[in-house]
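Student: I am new to this structure. Can you take me through its cavities and its salt bridges?

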Amino acid sequence: MDRAVRGQPDASDHAPVWVEVSDENGKRRRPRAGGKSSSSSHGRKPTASETTRRSHSRPLLVIDGDSFAHRAYHALPKTIRREDGGGAGAIVGFANFLLRLYEAEQPRAVIVGWDTLEVPTERHEKFPAYQSGREFDDELLDQLDLLPEFVAACGFQNAKAPGYEADDFLAAAVAAEKRRHGMALVASGDRDTFQLASDITTILYPVRAGEMARIGPAEVRDRYGVEPGLVPDFIALRGDPSDKLPGARGVGPKGAADS
C-alpha cells in the first residue's frame, strides 16, 4: 500500500497500491508477536528500483493554463486584490484548482501550457479570422503574466513561447509521454483536446464547479460519433463559433460525423 498517498486527508480512490509477491520456496513465515509478519514492508525505505517503478507508473499531468485562468477570473469576485492593489481573483482561483488537482491525481510531474497573446500563431497566419474579436480585461492579462511564476514556485514546469498556443504544448507533451510508454492526464476546458484521448491519455474536462469529467475514446465517440483522431476533421466540417471557424456550408454535427 502506498501509505504516503492513501494516508493523506481525502485521498483519491485512484492512489496507487503496490503488491510484492514472493513464494519463499512455498513456505509461509509465521507472523511475529502482535500479528505483524516479518516480511512486512511497513517502515522500510523503498529501494531505488521501487521508487523508479512507482514514479513511472504515475501519469504526467498537462494543464491548459489559460483555460482555467480565464474560468477563475470570471468565477471569483473582482474585489480579491493583491497587496499592490492589482487583481488577484484569477491567481487565487487558478492556484486552488492546480493544487487540488495535484493532490487528487498525484502525478509524477506537471506541465502548464500558456498562450502567447502578443504574437500571432501559424493558425492566425493561415486563417486571419481565427479567434478574431476576442478582447480581455487588462486585469486578466496582468494576472496571466504572473501565473507562470506561481507555477514555477510550486516546482512545476511552464511551457510558453511566441507563436504557440497552450494546445500546442499539450499535444507535444502527450506525444512525448506516448514515446516513453507512459500515461498522461490533460486538463482543459477546450474540447479540441478530445483529439488527444487514447488508451493512455485521459482528458479532464470541467463540467461544473469542482467536478471534472474523464474523457477517453469511448466518451469522444459518444459525444461526437467519431474516433478521437478524427476530431479535427469533425470540427473543420461542423465549424466552431468560439474560434470563428465557419465549417462547411450545410454540414451540421451529424453530417460531420457521417462524413
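**Cavities and salt bridges**

Tutor: By the grid rule, two cavities of 30 Å³ or more are counted. On a 1 Å grid over the protein atoms alone, a cavity is a set of points where a 1.4 Å probe fits but cannot get out. Grid points are joined across faces, edges and corners, and a volume is the space filled by probe spheres set on the points. This is a predicted model: local features need pLDDT of at least 70, side-chain atom pairs count only at pLDDT 80 or more, and totals for chains, interfaces and linings use all residues. Residues are numbered from 1 along each chain as its sequence is written, and side-chain values use heavy atoms, with hydrogens and water left out.

Student: About how much space lies in the largest cavity?

Tutor: Its lining includes Tyr-73, Arg-81 and Gln-143; lining residues have an atom within 4 Å of a point. The space in the largest cavity is about 40 Å³.

Student: Which elements give two or more residues to the lining of the largest cavity?

Tutor: Helices are DSSP runs (H or I, at least four residues), as are strands (E, at least two), numbered from the N terminus. Among the lining residues are Gly-89, Ala-90, Glu-139 and Gln-143. The elements are helix H4 (89-105) and helix H6 (138-153).

Student: How many salt bridges does a search of the whole structure find?

Tutor: Side chains of opposite charge can pair when their charged atoms come close. A salt bridge is a side-chain nitrogen of Lys or Arg within 4 Å of a carboxyl oxygen of Asp or Glu. For the whole structure, the search finds eight.

Student: Which residue forms a salt bridge with Glu-105?

Tutor: The closest N and O atoms of this pair are 2.9 Å apart. Glu-105 is in helix H4, and its partner is in strand S6 (residues 211-215), 109 residues apart. Glu-105 counts as buried at 17% relative accessibility; buried means under 20% relative accessible area, exposed over 50%, partly exposed in between (1.4 Å probe, protein chains only). The partner, partly exposed at 37%, is Arg-214.

Student: Is Glu-177 buried or exposed?

Tutor: Glu-177 pairs with Arg-108 in a salt bridge, the closest N and O atoms being 2.5 Å apart. The pair links helix H7 (residues 166-179) to the loop between H4 and strand S2 (109-113). Arg-108 is partly exposed, at 28%. With a relative accessible area of 3%, Glu-177 is buried.

Conventions:
On a 1 Å grid over the protein atoms alone, a cavity is a set of points where a 1.4 Å probe fits but cannot get out, and a pocket is an open set with protein on both sides within 12 Å along at least five of seven lines; lining residues have an atom within 4 Å of a point.
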